[in-house]
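Open the model in your viewer and keep the sequence panel beside it. The stops below say what to select next and what is there.

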Amino acid sequence: MALDELKELKVKLQELLDRGFILSKVSPWGAPVFLVKNKDRTFRLSIDCRKLNKVTIKNKYPLPKIDDLFDQIKGANHYEFLVMSYGLISALATFMDLMNKIF
């Protein structure tokens, strides 16, 4: 990676840390990160999730009826999700699993 790209990567990572979208962790799993130039010559952070998708156990859940969900959450506390990674294969199923556990 070129020096200007490394500087830009540091800026992008600090911005994501400041906004609470990422945390500094040590994990045996990860994905390569690279910068892609936009048409306006700025950089966009991109994550290659293809290898993670190959080893991910795929799970699927049916979408519940919205009326049933509203009945279940009547009088419940509200939760706020900060970030949901939509680059991974099972992100939506994981989200549905979490919603089913909460409700």
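A salt bridge here is a side-chain nitrogen of Lys or Arg within 4 Å of a carboxyl oxygen of Asp or Glu. This is a predicted model, in which local features need pLDDT of at least 70 and side-chain atom pairs count only at pLDDT 80 or more, while totals for chains, interfaces and linings use all residues. Residues are numbered from 1 along each chain as its sequence is written, and side-chain values use heavy atoms, with hydrogens and water left out.

**Colour by confidence**

Start with pLDDT, the predictor's confidence in each residue, from 0 to 100. The protein chain averages 81, and 89% of the residues score at least 70. Confidence is highest in helix H1, at a mean of 89, and lowest in helix H4 (residues 91-102), at 80. Helices (H or I, at least four residues) and strands (E, at least two) are DSSP runs, numbered from the N terminus.

**Select residues 3-19**

This is H1, with 17 residues. From first C-alpha to last it reaches 25 Å, close to the 24 Å expected at 1.5 Å a residue; the expected span is 1.5 Å times one less than the number of residues. Step past the end of H1 to Gly20, whose phi is positive, near 80 degrees.

Now show the side chains of Glu8 and Lys12, which meet in a salt bridge at 3.7 Å, N to O. Both residues lie in H1, four residues apart, about one turn of the helix. Side chains of opposite charge can pair when their charged atoms come close. For accessibility, buried means under 20% relative accessible area, exposed over 50%, and partly exposed in between (1.4 Å probe, protein chains only). Lys12 is partly exposed at 21%, and Glu8 is partly exposed at 23%.

**Select residues 33-37 and 43-47**

The range 33-37 is strand S1, and 43-47 is strand S2. Five bridges join S1 to S2, and the two run antiparallel; strands pair if DSSP finds at least two bridges between them. S1 and S2 form a hairpin with five residues between them. In the turn, pick Arg41, which has a positive phi of about 75 degrees.

Which residue stands opposite Ser46? Phe34 does. Ser46 has a relative accessible area of 16%, so it is buried. Leaving aside residues up to four places away in sequence, Ser46 touches Pro32, Val33, Phe34 and Val36, where contact means heavy atoms within 4.5 Å.

**Select Asp48 and Arg50**

Their side chains meet in a salt bridge at 2.8 Å, N to O. Arg50 counts as exposed, at 58% relative accessibility.

**Select Ile73 and Ile102**

Ile73 is found in the loop between helix H3 (66-72) and H4. At 27% relative accessibility, Ile73 counts as partly exposed. Draw a C-alpha to C-alpha distance from Ile73 to Ile102: the two are 9.5 Å apart in space and 29 residues apart in sequence.

**Select residues 91-102**

How far apart are Asp97 and Lys101 along helix H4? They are separated by about one helical turn, because they are four residues apart in H4. Asp97 counts as partly exposed, at 22% relative accessibility, whereas Lys101 is exposed, with a relative accessible area of 64%. In total, the structure holds four salt bridges.
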